[in-house]
Amino acid sequence: MQYMKENLAHLVREARMGLGLSQEKLAEILGFDSRTILNI
């Protein structure tokens, strides 16, 4: 399970950075609380 969480975090980070988005901006676009993205 830990591997899956780390893999998800890596994929989200790579996609976010590829789009030039901050964690806060990604959360805003997705309608999430910024802590949700931080916790991923």
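1. Which residues make the nonpolar surface patch of about 470 Å²? The patch is made by Met1, Tyr3 and Met4, where patches consist of residues with over 30% relative accessible area and no salt bridge, nonpolar side chains (Val, Leu, Ile, Met, Phe, Trp, Tyr) being joined within 5 Å and like charges within 9 Å. A salt bridge here is a side-chain nitrogen of Lys or Arg within 4 Å of a carboxyl oxygen of Asp or Glu.

2. This is a predicted model, in which local features need pLDDT of at least 70 and side-chain atom pairs count only at pLDDT 80 or more, while totals for chains, interfaces and linings use all residues. Residues are numbered from 1 along each chain as its sequence is written, and side-chain values use heavy atoms, with hydrogens and water left out.

3. The protein has three helices and zero strands, and its pattern along the sequence is α-α-α; helices (H or I, at least four residues) and strands (E, at least two) are DSSP runs, numbered from the N terminus.

4. Helix α1 covers residues 2-18, and its 17 residues should span 24 Å at 1.5 Å a residue, which agrees with its end C-alpha atoms being 24 Å apart; the expected span is 1.5 Å times one less than the number of residues. After α1 comes Gly20, with a positive phi near 70 degrees.

5. Met1 lies in the segment before α1 and is exposed, its relative accessible area being 82%. Of the 40 residues in the protein, 15% are buried, where buried means under 20% relative accessible area, exposed over 50% and partly exposed in between (1.4 Å probe, protein chains only).

Terms used
Accessible areas come from the Shrake-Rupley method with a 1.4 Å probe; for residues, only the protein chains shown count as cover.
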